[in-house]
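Take the topics one at a time and find each residue as you go.

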Amino acid sequence: MPLSGRTIVVTRPRNKSGGAAAALANRGARVICAPLIQVVPPKSWKSLDRALTNLHRYEAVAFTSVNAVDFFFLRCRKLLGRKPVPPRVLAAVGRATADAVAANGWRCSVMPEDARAAGLARILRVSRGGRVLIPSAERGLDVLAKSLRAAGARVTVAVAYRTVADALGRRTLRRALALGADAVTFASGSAAVLGAHDVALSGAAAISIGPTTAAALRSQGVVPAAVAKRPDPESFAEAVVSALRDRP
């Protein structure tokens, strides 16, 4: 198996890392879970609550992560006591996000092939002056919002969740690197920023789930050894195989 004898650290939150961990283990890797971030409710629900109570006014809702979907519908149930009628257009950044939407009873009709916010921005079309809701992380990237506003849409970015550092996961990462872990996988920019320094000191290979996370690594002085072609477990695992193929 291509990763036999290799130790790979997965830095996603534990409840989101199962697919990647299984794909790596199926290729022979020893997998260590060291989540660098925790996903938690926002400090205030104010912006999302306002949007949910006025959802009928929106032409579209665009989801850019599974976390956004989870917290959006969690708040729907808490605030409204029901699943609201969806707007005319539902968009998702990728298949996993669309599947999370479907699990809550809505169906996305817009989804880019490259599974990035920039890709979604290129294909999402709403009428000029149309209102678009983007449930987002606190201090999330605004690539999609900027693009839609430039096209004439009225965009509301509502905070649905936030990420905080996971101190235990950081210690686990450092122990794994000290013991000679071969590679570390990063699936978000926030995790990349938190873990880049430790990876740089260790010399382990840094593997990114996509271009946005790769850019976050580079901003911290770490050049990714590989970037997954698609943000799914199999592509992620193949990127690790590619990165380590010629490494001793």
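Two residues are in contact when they have heavy atoms within 4.5 Å of each other. The model is predicted, so local features need pLDDT of at least 70 and side-chain atom pairs count only at pLDDT 80 or more, while totals for chains, interfaces and linings use all residues. Residues are numbered from 1 along each chain as its sequence is written, and side-chain values use heavy atoms, with hydrogens and water left out.

**The whole chain**

- The protein chain has ten helices and ten strands; helices (H or I, at least four residues) and strands (E, at least two) are DSSP runs, numbered from the N terminus.
- With a radius of gyration of 19 Å, close to the 18 Å that the globule rule gives for 248 residues, the protein chain is as compact as a globular protein of that length. This radius is taken over C-alpha atoms, and the rule is 2.2 Å times the number of residues to the power 0.38.
- Along the principal axes, the C-alpha atoms of the protein chain fill a box of roughly 55 × 30 × 30 Å.
- Of its 248 residues, 50% count as buried. Buried means under 20% relative accessible area, exposed means over 50%, and partly exposed lies in between (1.4 Å probe, protein chains only).
- Among contacts between residues at least 6 apart in sequence, 62% join residues at least 24 apart.

- Threonine 7 lies in strand S1 (residues 7-10), and its relative accessibility of 12% makes it count as buried.
- Which residues does threonine 7 touch, leaving aside its neighbours within four places in sequence? Threonine 7 is in contact with Arg30, Ile32, Ala181, Asp182 and Ala183.
- Phenylalanine 186 belongs to strand S8 (residues 183-186) and counts as buried because its relative accessibility is 0%.
- The C-alpha atoms of phenylalanine 186 and valine 10 are separated by 7.1 Å, although these residues are 176 residues apart along the chain.
- Proline 231 sits in the loop between strand S10 (226-227) and helix H10 (233-244); its relative accessible area is 38%, so proline 231 is partly exposed.
- Between the C-alpha atoms of proline 231 and proline 211, 20 residues apart along the chain, the separation is 9.9 Å.

**Helix H8 with helix H9**

- The axes of helix H8 (residues 189-202) and helix H9 (residues 211-219) come within 8 Å and cross at roughly 25°, which makes H8 roughly parallel to H9.
- Axes are lines fitted to C-alpha atoms, for helices over the stretch in contact, and angles run from 0 to 180 degrees between N-to-C directions. Angles under 35 degrees count as roughly parallel, over 145 as roughly antiparallel, 65 to 115 as roughly perpendicular and the rest as oblique.
- On the H8 side, Gly189, Ala192, Val193 and Ala196 meet Thr213, Ala216 and Leu217 of H9.
- By class, this contact of H8 with H9 has five nonpolar, two polar and no charged residues. Ala, Val, Leu, Ile, Met, Phe, Trp, Tyr, Cys and Pro count as nonpolar, Asp, Glu, Lys and Arg as charged, and the others, Gly among them, as polar.

**Helix H1 with helix H10**

- Helix H1 (residues 18-25) packs with H10 at an angle of about 45°, their axes being 8 Å apart; H1 and H10 are therefore oblique to each other.
- Gly19, Ala20, Ala23 and Leu24 in H1 meet Pro233, Glu234, Phe236, Ala237 and Val240 in H10.
- Sorted by class, the contact of H1 with H10 has seven nonpolar, one polar and one charged residues.
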